[in-house]
Amino acid sequence: MRRSLTWLALVVVTAGPAYAGDDRPAKKAPAAPAPAKLDLKKLAQVLENGSEGEILSALAELTAQGPAAAGAAPLVNGLLVRGSSVKVVIAALDAVAAFGTESSSEPVAPYVQHRRPEIRQAAARTLVRTKGPSAVRALRRGLKNPDPEVRRTAAAGLGALNATEAVDDLFDSLGDETGTAPKSIAALCNPAQCDRLMGYVGKLPFEFLEPCFVTLILRPSGVPDINKLRYIDRLRKLATKSASNVLQTALADLPANANPKLKEALETALKGRPVKLEEGK
Amino acid sequence: MRRLLWLLAPLWSIACASTPVGPAFNTEWQNDQGASMIEIERQLRGTPPPPAFDVVVGLTADGIVGLPLDGGQRWSYPKTSDSPPVIAGELVLFSSNGELFALDARSGKLLWEIGIPGHRLRGAGDDGKLTVASLGSLEPGEDWLVTVDRSGSVKEKLSSEKPLGRPAARGGLAFVPWSGQYVSVIDMNTGAERGRLLTRELVSHALTVGGEIYFGEKGVLHLDERIRYASTQQANRASFAERELPGKPKWLEPGESLPELDMGARAKTRIYATPKFSEKTRFASDRFISTYFQALMAFDAGSGELSWARAVPADILGGDAASSGFVVCLINGKVLRFDAEGGEAGSLDLGTHLRGCVVEASTLNIPKGEALPPKAAQLSTAITTLGPDMATAQLFLLAELGKLEDASVTKTLIEVAMSSRMAPSVRNEARRLLASRKNGAEFMLAALEAPFDFMSPSKLPAPVGPLADALAAMGERRAAPLLAKHLNDPATAIEDVVRAAKALSVLATTEELPSLRTFFALYRATADDPPLVQAVVSVAQALVKIGGSDGRALVQRAAKDPMTQPDVAAAIGPLVSG
């Protein structure tokens with residue numbers, strides 16, 4: 001009880017918003033918060049010797065501070081390396097996810113292999129926030145995890161982390177048909193890989209591949225427009241309502257500065273007519 | 001009270017006059033200590049052996065098909081049978097709706113037919129001129145014994161309230177087992193009982209093989225000069241070693257029962273053997289074969305040890321032990337021939353799906369076929385070829401496989417344990433046997449090293465636990481890094497994690513310290529069931545053993561940490577005390 005009360009003084013809010021527990025990568029990085037003043041010595045004592053309640057309290061407050069409390073990352077990392085109860089481990093993962101510091105990826109990585117689903121799933125989500133090569137390595141391993149939720153998070157996370165080196169692993173995981181690999185591949189692929197992805201049309205269920213098409217067509221770079229025209233025509237040839245919906249969405253979301261040929265191709269395809277396959281401005 | 005009726009009354013007096021033992025099947029008979037039988041045995045020595053013909057006869061939905069095993073033409077006869085056909089000498093007999101038919105076994109030509117209202121064929125014998133048939137009543141009533149000549153003329157027709165067994169014939173005499181302990185020798189021309197055998201052997205079948213006559217059911221007595229001692233169990237006898245076999249098959253079913261047309265398990269789980277007293281074990285090829293649907297197994301008739309095993313492409317409906325080798329008949333109409341050692345020696349085809357099949361091959365010598373591989377490979381192929389509904393046979397074959405020292409056995413056991421096609425009971429047995437293997441470490445290491453593809457529909461994770469047990473017992477240190485990898489893999493089943501951790505407490509080196517530390521960190525406070533607690537404690541032992549002062553300190557600290565799971569803390573405390 002005494003320790004709990006003491007803990008309230010450890011973290012002093014100085015600036016910046018509390019970081020919401022959103023497990024998706026933010027579209028736009030928030031303005032860097034000013035660091036919170038932390039009594040690291042006391043925090044270390046609590047994390048190392050506190051009761052479960054005390055530790056959870058401390059971690060909850062750190063989580064609430066988000067990146068502002070990133071100075072506490074080494075201590076929370078240490079807790080993860082030592083291991084703790086299920087509740088504490090999950091709270092610690094939430095905390096380092098909130099900090100978003102790359103140094104946490106290494107201690108978080110083994111938890112993706114934990115036997116308890118809630119821990120391994122939290123760890124996978126955390127790695128998407130902590131980023132870095134260790135996170136990418138662990139998420140690539142996560143594509144082969146027996147837990148489909150971990151696989152989904154890993155596939156989406158690799159796309160979010162722009163892990164182009166993971167495209168082949170993502171292709172390997174396509175057979176799973178439960179993951180989010182197609183969209184990530186679409187975001188990361190080079191032209192040859194993108195063509196390979198489109199080669200799965202007709203082989204894998206359309207609804208599984210569907211999230212990748214708009215991403216491919218709207219890719220701002222990395223995929224030549226002539227390839228995109230082929231993809232549009234490929235979807236036209238399917239002549240299904242689902243394919244038509246994809247083309248309509250792409251047309252609606254097409255940036256104003258996009259190649260007019262793309263707009264024309266989408267409109268032509270939506271009328272059911274073949275797309276002219278020639279590149280140009 | 002047994003009662004015998006002579007249906008042909010005028011012959012009664014002739015029969016009485018010619019028999020030394022009284023009316024056939026009479027119960028007033030006094031044991032003559034084998035005197036009448038030895039007289040008959042002497043008499044038969046001068047008679048030609050009855051003809052025999054090796055043939056396969058199948059039942060189809062439309063009729064009967066036959067295929068001579070000497071290369072003759074396939075034949076068919078458009079009449080369905082209401083009982084399994086009987087091959088007697090050169091004849092094929094079957095009953096159908098109150099009629100008894102005899103076909104020429106070589107051509108399928110109808111030789112004769114007689115009315116047998118209310119009865120069905122049970123068994124038959126033929127001496128080359130006359131045929132004797134035992135007929136069972138469809139309703140509670142009397143059994144019949146008829147003798148018929150080649151023109152279809154009924155020479156004798158006897159009836160009995162007691163069920164009769166399955167007869168044999170030679171030299172004008174019918175040998176008719178009855179009441180489980182008697183064989184009456186009936187003159188097929190007169191109906192007179194010329195002799196009688198009392199045995200202490202259960203007897204319901206009389207068999208003719210290569211001119212020799214045998215009586216029995218579980219084992220057989222040979223009709224020779226020692227037959228007179230049958231009542232004191234000193235006659236020449238042949239039986240093979242009894243052992244528990246898949247499906248509990250029988251060789252000779254109770255001969256007094258009326259055989260049924262059976263498409264079910266009983267027809268597909270049988271033993272086939274042929275007595276042959278010139279062989280060491282008194283059985284042809286010194287072996288008998290046992291079938292279990294698609295599994296075909298041959299056993300040493302003397303020791304009962306498995307000689308060879310095969311999986312065949314379809315259920316086995318019939319078969320016979322040839323004079324040398326074996327013939328089996330499959331439900332798809334294929335007829336397979338094997339030499340005594342199991343080598344495949346060609347196949348024939350009845351060309352149609354079968355409802356039943358009988359084979360006579362007792363005079364056939366099957367030439368040497370394509371040799372089978374060593375027994376370990378035979379068993380491996382058979383086990384992995386059989387489908388998941390063949391678990392009973394697979395378990396039997398696995399037990400046989402486990403007896404072999406060959407290192408390749410380990411490989412097969414791993415494959416079985418990892419195959420999703422196998423029934424869980426089969427996989428578990430393979431795991432059990434793997435755990436005690438003393439060789440095949442290379443196969444074990446390869447299995448541990450191979451990545452597990454959870455998306456593969458056919459392959460399950462490696463049997464880490466049994467491999468850990470075996471490799472630890474072998475002191476195989478190369479297993480340590482592989483076991484450490486599986487220790488932290490959530491795809492590894494918890495019972496396997498426990499055994500991997502225990503093996504690592506023996507095999508781990510400092511190379512495995514990082515993996516051991518990770519496991520300890522992940523589970524010392526989250527272990528939520530006894531097996532995981534046990535695994536954490538084993539890992540703590542390994543850390544203390546190879547981790548030096550750091551490892552010891554890590555365990556010491558965990559033992560005192562209130563966050564450590566209480567059972568874990570209690571167990572690891574003593575490891576670092578003092």
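**A helix and its cover**

Author: The buried residues of α4(B) have a cover that includes β24 (306–311), α5 (391–402) and α6 (408–418) of chain B. Here the cover is judged by contact (heavy atoms within 4.5 Å), and the elements are DSSP runs numbered from the N terminus, with helices being H or I of at least four residues and strands E of at least two. The model is a predicted one, in which local features need pLDDT of at least 70 and side-chain atom pairs count only at pLDDT 80 or more, while totals for chains, interfaces and linings use all residues. Residues are numbered from 1 along each chain as its sequence is written, chains are lettered from A and ligands numbered from 1 in the order in which they are written, and side-chain values use heavy atoms, with hydrogens and water left out.

Reader: Which residues of helix α4 of chain B are buried?

Author: In that helix, which spans residues 375–385, the buried ones are B:A376, B:Q378, B:L379, B:S380, B:A382 and B:I383. Buried means under 20% relative accessible area, exposed means over 50%, and partly exposed is in between, with a 1.4 Å probe and protein chains only. As a general point, an α-helix has 3.6 residues a turn, so residues three or four places apart point the same way.

Reader: Okay, on to chain A. How is chain A divided?

Author: Chain A has domain 1 (56–188) and domain 2 (189–281), with bounds that come from an automatic or database domain assignment. The C-alpha centres of domain 1 and domain 2 of chain A are 32 Å apart, and 13 residues of domain 1 are in contact with 15 residues of domain 2.

Reader: And what area is buried between domain 1 and domain 2 of chain A?

Author: About 1200 Å² is buried between them, with carbon and sulfur atoms giving 68% of it. Buried area is the accessible area (1.4 Å probe) that two parts lose on being put together, summed over both. There is 1 salt bridge between these two domains, where a salt bridge is a side-chain nitrogen of Lys or Arg within 4 Å of a carboxyl oxygen of Asp or Glu. A:D168 and A:R196 form a salt bridge in which the closest N and O atoms are 3.7 Å apart. On the side of domain 1 of chain A that touches domain 2, the elements giving two or more residues are α10 (167–172) and α11 (181–188) of chain A, and α11(A) has the largest share, 6 residues.

Reader: Now the two chains. How many residues does the contact take from chain B and from chain A?

Author: The contact takes 21 residues from chain B and 26 from chain A, and the two chains bury about 1900 Å² between them, 60% of it on carbon and sulfur atoms. Within chain B, the residues that lose the most area to chain A are B:F454, B:P490 and B:M563, which together make up 31% of what that side buries.

Reader: How many salt bridges does the rule find across the interface of chain B and chain A?

Author: The rule finds 2 salt bridges there. B:R557 and A:E48 form a salt bridge, with their closest N and O atoms 3.7 Å apart, and A:R116, A:E118 and B:D528 are linked in a network of salt bridges.

Reader: Changing topic, what is the phi of B:N97?

Author: Phi of B:N97 is near 50°, a positive value in a residue other than glycine. B:N97 is in the loop between β6 (91–96) and β7 (99–104) of chain B, and B:N97 is exposed, with a relative accessible area of 70%.
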